[in-house]
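Work through the exercises below with the model open. Each task is followed by a solution in steps.

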Amino acid sequence: MKQTKKFKRILIANRGEIALRVMRSCKEMGIKTIAVYSDADREAQHVKMADFAYYIGEAPSSKSYLNSDKIIKAALELEADAIHPGYGFLSENAEFAQKATDAGIVFIGPSPESIRVMGDKLEAKAAVMGYNIPLVPGTAESITDVALAKQKAAEAGYPVLIKASAGGGGKGMRIVENEEEFEDQMERAISEAKSAFGNGAVFIEKYITSPKHIEFQIMGDQHGNIVHFFERECSIQRRHQKVIEEAPSAVLTDEIREEMGKCAVDVARSCNYYGAGTVEFIVDEELNYFFLEMNTRLQVEHPVTELITGFDLVKEQIKVAQGEALSFSQENISKRGHSIELRVYAEDPQNNFLP
């Protein structure tokens, strides 16, 4: 459904830095903001900065920021036109997006269906197959039969990666160097996937050694227009979590950059995507690239792209959610300079580097 009305009030279903970031764009657009907060955040900056604030429960996120019913109740009581989920928490929860829509509140993000398709790595692969997008060699569907999985791993060639279909953040992911350790690692991956995601489905992929992790920022409107804002280099990671993100990447040629950008737009097109999203690729030593997954939200590292392109991605998200067509095309997007973001990791070196 294409909304065409301007928002007067937006509830931000998040906290901390991202809540403040969304508020900044809202204020510049003349839109009032509603903060939600738990016991832990009564004195938080995002609560003070908002035009309205609404208490949603106890400190554990399961009783506050992850409680979709409480957030929708807050949005209805304070007459919010829309909800911005930020990143993390409920930002990639198709059920929450659907609940908001059913309550007559616009979800500032893609459709629940796009979130659902791209949230399952195997469904995402199936969706993009019609667009000639390079995929890492491996299984096209989830697998639980260990003997068959072992055969597929041999076909792809060791080392392989066993990955949870519903996974993210490196959970339910195992690198297998040889056939001898395959069965044990598969059982561990299935068990980890079940406990982390309630879903033990796994699939097998060829493990790309010395990979580069490169992602493209895309934006689509509800009128079928989709563009990309170039790439971010996210190869420096710790425990499958990004540590340094920069734009542009130093390894891509202009030709490969253009090809990958077109691929990223096609991935979005494959699931009728609108809003902000990120298409992630893995790139090998010969600069062959393969589609990994799509994040159906704003990323932590989105400012890196804003700095080199001059676009405010949060404002563009809001305009798209209001039903506006993109006011620019691919030719209007250029990059200037170089930007870098570093994440601070709080780990204890005295205790095996645990958080």
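**Exercise 1: a hairpin**

Strands β12 (residues 275-283) and β13 run antiparallel and are joined by six bridges. The model is predicted: local features need pLDDT of at least 70, side-chain atom pairs count only at pLDDT 80 or more, and totals for chains, interfaces and linings use all residues. Residues are numbered from 1 along each chain as its sequence is written, and side-chain values use heavy atoms, with hydrogens and water left out.

Task: find which residue is the bridge partner of Ile282 in β13, then describe the turn.

Solution. Step 1: the partner of Ile282 is Phe290. Two strands pair if DSSP finds at least two bridges between them. Strands (E, at least two residues) and helices (H or I, at least four) are DSSP runs, numbered from the N terminus. Step 2: five residues lie between β12 and β13 in the hairpin. Leu287 in the turn has a positive phi of about 65 degrees. Buried means under 20% relative accessible area (1.4 Å probe, protein chains only).

**Exercise 2: the open sheet**

Task: give the order of the five strands in the open sheet and say which strands stand at the edges.

Solution. Step 1: the order is β3-β2-β1-β4-β5, with parallel pairing. Step 2: β3 (52-57) and β5 (106-107) stand at the edges; each has a single partner strand, so one side of each lacks a neighbour in the sheet. Step 3: inspect one pair. Three bridges join β1 (residues 9-12) to β4 (residues 82-84). Leu11 has Ile83 as its bridge partner in β4.

**Exercise 3: helix α5**

Task: list the buried residues of α5 and determine how α5 and α6 cross.

Solution. Step 1: in α5 (residues 112-119), Pro112, Ser114, Ile115, Val117 and Met118 are buried. Step 2: these pack against α4 (94-102), β5, α6 (121-128), α9 (254-270) and β13 (289-295). Step 3: the axes of α5 and α6 come within 5 Å and cross at roughly 105 degrees. Axes are lines fitted to C-alpha atoms, for helices over the stretch in contact; angles run from 0 to 180 degrees between N-to-C directions. The two helices are therefore roughly perpendicular, a class that covers 65 to 115 degrees. Step 4: Arg116, Val117, Met118 and Gly119 in α5 meet Lys121, Glu123, Ala124, Ala127 and Val128 in α6. Contact means heavy atoms within 4.5 Å.

How values were computed:
Buried < 20%, exposed > 50% of the residue type's maximum accessible area, 1.4 Å probe, protein only. Parallel < 35°, antiparallel > 145°, perpendicular 65-115°, else oblique.
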